[in-house]
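Hello,

Here is the structure I promised to pass on to you. Please have a look at it first, and then read my notes below.

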Amino acid sequence: MFVYADNAATTSVSKTAVDAMMPYLTTLYGNPSSLYGFAQEAKEALEAARKTVADIIGAEPREIYFTSGGSEADNQAIVSMAKFGAIKGKKHLISTKFEHHAVLHTLKQLEKQGFEVTLLDVHEDGVVRLEDVENAIREDTALVTIMFANNEIGTVQPIKEIGELCRAKKIPFHTDAVQAAGHMPLNVVDMNIDLLSMSGHKFHAPKGVGVLYAKRGLPLFNIIEGGAQERGKRAGTENIPGIVALAAALKESVDNMEENTAKIIPMRDKLFAELSKIPHSKINGSLEHHVPGTVNMCFEGIEGESLLLLLDAKGVCASSGSACTSGSLDPSHVLLSLGLPHEVAHGSLRLSIGEYNTMEEIDHIIKVVPEVVSYLRSISPVWEDLETGKRPHLI
Amino acid sequence: MALYSEKVMDHFQNPRNVGKMEDASGVGEVGNAKCGDIMKMYIKVEDGIIVDCKFNTFGCGSAIATSSMATEMIKGKPVEEALELSNQAVVEALDGLPTHKIHCSVLAEEAVKAAVKDYYDKNGIEYDKEKFAQTHDCDHCVD
């Protein structure tokens with residue numbers, strides 16, 4: 001059995017999205033910047049897609065900018081607000097310890113350029129506290145950027161309340177909504193969001209296309225120069241097939257959100273319930289504030305990469321936050337931000353499921369994960385020490 | 001290209017000499033759980049020859065594969081010869097490792113040395129301490 005359980009990494013492109021983009025790959029291939037009628041069909045498709053996305057998130061079409069993906073949108077949002085703030089002498093930026101690297105690395109660059117960055121704790125449950133945000137805000141705060149839902153552990157942040165707070169203090173608020181878009185209701189007006197990033201391939205559109213929403217009146221600075229596309233804020237011939245597919249996939253995901261969620265939650269809950277029966281395991285992140293499909297757990301005494309390789313051999317595609325899978329010496333910054341010790345964080349497993357998964361697939365995962373965990377424990381000197389009391393159990 | 005060679009995957013999925021040994025002549029444990037890899041190597045020595053060898057490893061695919069390969073390479077060999085086992089030899093025998101996994105092979109070499117050292121210590125055999133210098137370099141390993 002083959003089970004794709006890594007939907008937080010990427011998703012398959014839906015038939016709806018493929019059908020929507022196909023004409024723009026084949027017959028309607030014109031450059032929207034060209035004058036003739038043939039190219040204007042592509043231009044119309046671009047603007048229709050912009051309106052679809054805007055309507056879904058409660059924005060105006062002119063507030064939607066298509067990008068190459070979530071990372072570019074994050075970069076542009078943060079750099080723009082930092083530059084805008086600096087003009088007014090505001091050089092303080094607030095974010096969290098467990099953001100995606102598209103946010104953290106951008107902040108790191110700005111730090112080198114003289115900005116001051118406050119990264120908020122996310123506590124044991126992976127949820128930012130409103131009072132922490134409030135306490136961090138200063139006179140010179142130029143931006144608050146806090147992710148909607150975490151990519152590794154799936155915890156959802158109090159976005160609406162943070163937005164309200166920022167609005168009251170007149171500080172621009174950006175949210176990286178890459179893991180939430182298409183999976184949870186999003187409304188930039190109701191949630192007081194000034195800037196928002198999303199990525200098409202997380203909700204069944206192709207890779208290489210994303211969206212930056214920026215509230216009217218907020219200045220955007222270009223990351224890519226060279227043309228008047230996207231109201232002059234993002235140069236480069238528009239990825240029309242990708243953009244059309246993104247709009248179609250987002251609409252499909254949102255139209256079916258209730259139904260999809262109702263299908264995914266029981267599968268996710270079964271994974272949590274059954275995998276929690278593995279002794280010395282731990283669920284990472286609050287279950288109360290959670291995206292539908294993400295399951296993140298740690299199993300003591302084993303290492304994540306060997307777990308993934310053995311699961312792969314049994315047909316299960318998953319991911320981990322171990323050091324060996326991150327290509328560095330440290331395990332995932334997300335798991336460490338929850339206060340997990342290194343040795344526990346090494347044994348993490350992320351399963352992210354979507355509406356295309358079935359209960360049979362979940363049963364397969366539930367069968368193979370305990371087998372693999374107990375095999376790896378049987379050859380682990382760490383597990384031996386834990387079981388003989390030479391080393392204390394941490395979970 | 002896959003992350004690992006076929007040989008690495010074979011030794012990872014079908015590790016040789018995996019297990020514990022009750023009556024080992026020497027036991028060596030190297031690595032740190034914080035870093036994500038610990039190897040425990042058991043050797044049984046008779047008349048100066050390593051007649052049996054077992055290992056237990058907590059770690060990634062290459063940590064398990066290098067331990068497995070190292071046990072194969074020293075089993076049946078005189079203790080002195082096992083001491084000559086280099087991490088490069090383990091890497092070559094596995095048809096290579098990705099650059100960021102080379103430290104696993106260093107750990108395997110050190111696990112063998114640690115087991116031999118334990119055997120020497122237990123039996124009052126004199127040895128050149130230079131040969132057992134720790135080469136594994138990792139910030140986390142300093143507790």
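In chain A, α3(A) passes α4(A) in a right-handed crossing. (A crossing is right-handed if the near helix is turned clockwise from the far one by less than a right angle, and left-handed if anticlockwise; helices are DSSP runs of H or I with at least four residues, strands are runs of E with at least two, and both are numbered from the N terminus.) Helix α3 covers residues 70-87 of chain A and helix α4 covers residues 101-112 of chain A; they pack at an angle of about 35°, and their axes are 9 Å apart. Axes here are lines fitted to C-alpha atoms, for helices over the stretch in contact, and angles run from 0 to 180 degrees between N-to-C directions.

Which residues of the two helices meet? From α3(A) come Gly70(A), Ser71(A), Asp74(A), Asn75(A), Ile78(A), Val79(A) and Ala82(A), and from α4(A) come Ala102(A), Val103(A), Thr106(A), Leu107(A) and Leu110(A). By class, this contact has 7 nonpolar, 4 polar and 1 charged residues. (Ala, Val, Leu, Ile, Met, Phe, Trp, Tyr, Cys and Pro count as nonpolar, Asp, Glu, Lys and Arg as charged, and the others, Gly among them, as polar. Two residues are in contact if their C-beta atoms, placed from the backbone, lie within 7 Å.)

**Before you go further**

This is a predicted model, in which local features need pLDDT of at least 70 and side-chain atom pairs count only at pLDDT 80 or more, while totals for chains, interfaces and linings use all residues. Residues are numbered from 1 along each chain as its sequence is written, and chains are lettered from A and ligands numbered from 1 in the order in which they are written.

The predictor gives the complex an ipTM of 0.93 and a pTM of 0.94. Chain B averages a pLDDT (the predictor's confidence in each residue, from 0 to 100) of 91, and 92% of the residues score at least 70.

**Where the chains touch**

The contact takes 20 residues from chain A and 21 residues from chain B. On the side of chain B that touches chain A, α1 (6-13), β2 (37-46), β3 (49-58) and α2 (61-74) of chain B each supply at least two residues. That side of chain B divides into 9 nonpolar, 8 polar and 4 charged residues.

**Buried places in chain A**

Ala142(A) sits in strand β5 of chain A. Ala142(A) is buried, with 25 other C-beta atoms within 10 Å. (Buried means that 20 or more other C-beta atoms lie within 10 Å of a residue's own, exposed means 12 or fewer, and partly exposed is in between; C-beta atoms are placed from the backbone.) Ala142(A) and Ala82(A) are 60 residues apart along the chain, yet their C-alpha atoms are separated by 6.1 Å. Leaving aside neighbours within four places in sequence, the contacts of Ala142(A) include Met81(A), Ala82(A) and Gly85(A).

In helix α6 (residues 159-168) of chain A, the buried residues are Ile159(A), Ile162(A), Gly163(A) and Cys166(A). They lie on the same side of α6(A), because they cover an arc of only 100° around the axis. (The arc is that of the directions from the helix axis to the C-beta atoms.) Their cover includes α5 (130-136), β5 (141-145) and β6 (173-176) of chain A. Just after α6(A), Lys170(A) takes a positive phi of about 60°.

How many residues of helix α9 (residues 304-313) of chain A are buried? The count is 8 of its 10 residues, so this helix is mostly covered. Just after α9(A), Gly315(A) takes a positive phi of about 90°. Next, Val316(A) is found in strand β11 (residues 316-317) of chain A. Leaving aside neighbours within four places in sequence, Val316(A) is in contact with Val3(A), Ala5(A), Leu311(A), Ile365(A) and Val368(A).

**Two loop residues**

His123(A) lies in the loop between β4 and α5 of chain A. Its phi is near 60°, a positive value in a residue other than glycine. His123(A) counts as partly exposed because it has 15 C-beta neighbours inside 10 Å.

Glu230(A) lies in the loop between β8 (210-214) and α7 (240-255) of chain A. Phi of Glu230(A) is positive too, near 50°. Is Glu230(A) buried or exposed? Glu230(A) is buried, since 20 other C-beta atoms lie within 10 Å.

Best wishes
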